[in-house]
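Here is a short briefing on one protein model. Keep the sequence and the 3D view open while you read.

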Amino acid sequence: MADPRFPAKNRASPESRGGESAPAPILSRRIFGQLVFFTLLLLSIGVGALGGMIFVYSSDLPQVRELEDYRPDVMTELYADDGTVIGSFALERRVIVTYSQIPKVLQDAVLSIEDRHFENHWGVDVVRILRAGSTDLLEWRKAQGASTLTQQLSRMFFLTPEKSFRRKLQEILLAIQIERRFTKPQIFTMYSNEVSLGHGTFGFEAAAEFYFGKHLSELTLPEAALLAGLPKTPTAYSPILHPDRSLQRRNQVLLAMLDNGKINKARYEQARAAPLGLHVQRWDNNTAPYFVEEVRQLLEKKYGPEAVHEKGLRVYTTLNLRAQRLAEKALTQGLHNDDKRRGWRGPEKNILKDPPRLPGGGVATLETYTEPDWKSPFEAGDWVHGLVTQVKPDWALVRLGAFTTRVTPADFAWTKKTRPGDIFFPGDLDLFLVKEAKGKTLRVTLDQRPDVQGAMVVIDNATGAVKAMVGGYDFNESKYNRAVQAERQVGSSFKVYVYSQALLQGMSPFNTILDAPVSFPSSSGIWSPHNYDDKFEGTVTLLHALAESRNVPAVRLIARVGVDKVIKLCRRFGITSRLVPNLPLALGASDLTPVEHTSAFTTFPDDGVHVAPHTIEQVTNYDGAVVDAFRPEITDVLPAGVARLMVSMLREAINSGTAVRAKAFAAKYPIAGKTGTTNDFSDAWFIGFSPSITCGVWVGFDDHRTLGPKEEGARVALPIWMDFMSEALKARPVEDFPQSPLLTNPDQVKEILASAGTQTLLAEHGESAGSSDSTQLAPAAAAAPSHPGPAVTPAVSRRGAIGYSLEGNGPRGAEGPPQQPPESPGVVAPEGRAPPEVKPAKADPPQESTLAPPSLTLPAVAGDGQQGIASPPLPDAPPPPAPAKSGVAGALRHAKRGLRHLGEKIVHP
């Protein structure tokens, strides 16, 4: 019976329920529950997998705490004696700055284009990631990057540039750790010092100096925007390689700054209209390249390449920029002058016969050809290439960049040609010397690139500091530093050491010696030295013999004083090269380097004290802490009286001897020096000094071929020396050799010796000073350098020098003992008797020195007269230096005032 409470239409019949498993709502809930379950399951699996990956990928992550000791590779910089930067060494050109040194305009530019939410995110910019992802999907390409500045920093320090999911996840994890450990300013500062900005520059400061020649604080808005746009792709947006792309990228940065509210519309428009404004400062500058390279080699030898190129050393050198420029100019001009005396060699090339290709792919013509040296403004004294475009009977038309000028026969008179057609042909590329450059007027004379080489060294007498060094005509053409590496025969300039030994042994400049034919036996036969003029003057004084550079007296003198003693004395002069122990040594038959030979000459104006040459005063680390203070080492070589006599004798060489060409110059400045010329005129030397500086000049061919007839030191090297010294001495105070006058009578010798004493400074105080040969200055005896830097003990003392040898100055062979001379009465002229006539050897050179014959045997020395030395020394001449003794009575009375004070510090530190 039906229940009246439930209408029949609402009840389901058993038949209707038989085909259904469950009501519809129940089925929906069940499906939803299953979906939730599987979703949670997938999420759990994903979270677990992500956690596992994070654990795996983070297990080999570098320790971010390493950044707490952040010390990037920085440049090693070299400074001249006035603090000017003259060079740098680095694998990565980087200059470290602090956060306070980064201008606001650069911060705004970098953050606007790279990471505008930098101040708010925690290392990862989720919003930027989502925006970049959606943009990439819509455009179906990687249109935007999403890495924050912190992520970029983690990639720079710890990761490789590979593009993979693993690397990206590690980058995110590292960025989060970096944000936890460091503040935003610290992160931005590390980024600013580490980021690569093209052309070997790293960090914004180095880039600002390279691209614009200014510091960060001096950057303008357009310049800051240009630098901010470089990190994305430094090469593609390089303003040097791709200026158009760089300009577009810079303007993109400016637009980002406008959108970010960092600049207004007016500033944006003004900056957008500005040009790139580059003022590129190349790192490989041409300031004293031979000197800088020498310093680099010394630093690498002492500290290793890694420290030199990565640790940011600060090296304070001895170089004087003014002296260096004068030396380079004098040597270059002198080499040109000497080269032209050997005649015209022809054009460097002809562009019509061998047309060069233009950068665009075409062939250069007379109108389109360009030369690198046309890019800079022309000045009088410059050597510039010129292109011959027309040749007429009376003139040739030459194009030099935007200038076109006529060259007449007077402009190439040195070639001995009179017609332009004999010299020029259209398309010739020749070298010209600019004589006048005013406005649109350019006047030039024909020149040519010399194939002869030379070297010049300038040393401060008081300190041993190398003030200038030129090792060749062109460093870019030849890196070989002839100033420190070239071992060349020195000719008659070696005679100063022979005469120094003679004075040490008690002889006087007014003692006489025989200039007459003489022969000596050797294993290869009889050797007969000759004078340069093939004449003999008979009995002459030592003073005259040295001034006139007479060869025969020099050989007789070394035979008298002893070859072995001369060699030992040379070692005290600082000469380390191998010296062959035979008689031709007196004529410069052994090889020396210009730097050691010049350094030895500084002993004479420095009262007999030798200061080893050095190029570095001090080295500090990047923070200014002193790494090395090169305390000077000194050596007493000659008693002050002997040194002063040698100065007087070398003054006579200019007053009346082989260097008389400089006599007029000597009337204005106190100077002294000695010429030197070798066999077949293959080497020309002049080494001379004022009271304050010594300059040595060498000229010759690398392959030792002759310079040409009569190309002796007085003609080739002396004019170069004069050109330099005439300008260098202008800026110095008035100087003099008060104790070294030109000698006219023996009484002057007595006065000089009496005023100077008979002993060397250290020998007299050897017991208290601790050494009779050499010593180092105590720190109290040295002064701080004149340029900026921490106080150290640089080589600024009159008697100080560092204790290392310049490259190329080391011993180059062992020397055997000098051969003992057998008696040769048949060929030695006894005193008071005419010498036998001896014919010259066939190989005798017609110059001041000669090549050494093999196994030369010295003649016997029986007495003063046997070698032509007239009589014993003057009665009042002082005896040879006495051995070292103790006590300080009369100390330093023979030294100059500065040496006296220094000696007291050595004796009583």
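This is a predicted model: local features need pLDDT of at least 70, side-chain atom pairs count only at pLDDT 80 or more; totals for chains, interfaces and linings use all residues.

Residues are numbered from 1 along each chain as its sequence is written, and side-chain values use heavy atoms, with hydrogens and water left out. Helices (H or I, at least four residues) and strands (E, at least two) are DSSP runs, numbered from the N terminus.

- The order 2-1-5-21-22 describes an open sheet of 5 strands with mixed pairing; two strands pair if DSSP finds at least two bridges between them.
- Strand 2 (85-89) and strand 22 (626-629) are the edges; each has a single partner strand, so one side of each lacks a neighbour in the sheet.
- On average, neighbouring strands of this sheet are turned by 20° against each other, direction ignored.
- Strand 21 (residues 616-620) runs antiparallel to strand 22, with 3 bridges; Gln618 has Ala629 as its bridge partner.
- Helix 12 (residues 289-303) lies across strands 1, 2, 5, 21 and 22, at about 45° to strand 2. Angles run from 0 to 180 degrees between N-to-C directions, and axes are lines fitted to C-alpha atoms, for helices over the stretch in contact.

- In strand 8 (residues 396-400), 5 of 5 residues are buried, meaning under 20% relative accessible area with a 1.4 Å probe, protein chains only.
- Ala396, Val398 and Leu400 point one way; Leu397 and Arg399 point the other way.
- Strand 7 (residues 383-391) pairs antiparallel with strand 8 over 4 bridges, and a hairpin of 4 residues joins them.
- Strand 9 (residues 403-407) pairs antiparallel with strand 8 over 5 bridges.
- Gly401, in the hairpin of strand 8 and strand 9, takes a positive phi near 65°.

**Helix pair**
- Helix 20 (residues 640-655) and helix 23 (residues 746-756) pack at about 145°, axes 8 Å apart.
- Among the residues that meet are Leu645 in helix 20 and Ile752 in helix 23; contact means heavy atoms within 4.5 Å.

**Nonpolar cores**
- The largest nonpolar core has 87 residues; Phe494 and Tyr497 are among those touching the most other members.
- Such a core is a set of buried Ala, Val, Leu, Ile, Met, Phe, Trp, Tyr and Cys residues joined through side-chain atoms within 4.5 Å.
- Another core, of 42 residues, lies apart and includes Phe118 and Tyr237.

Note on methods: Buried means under 20% relative accessible area, exposed over 50%, partly exposed in between (1.4 Å probe, protein chains only).
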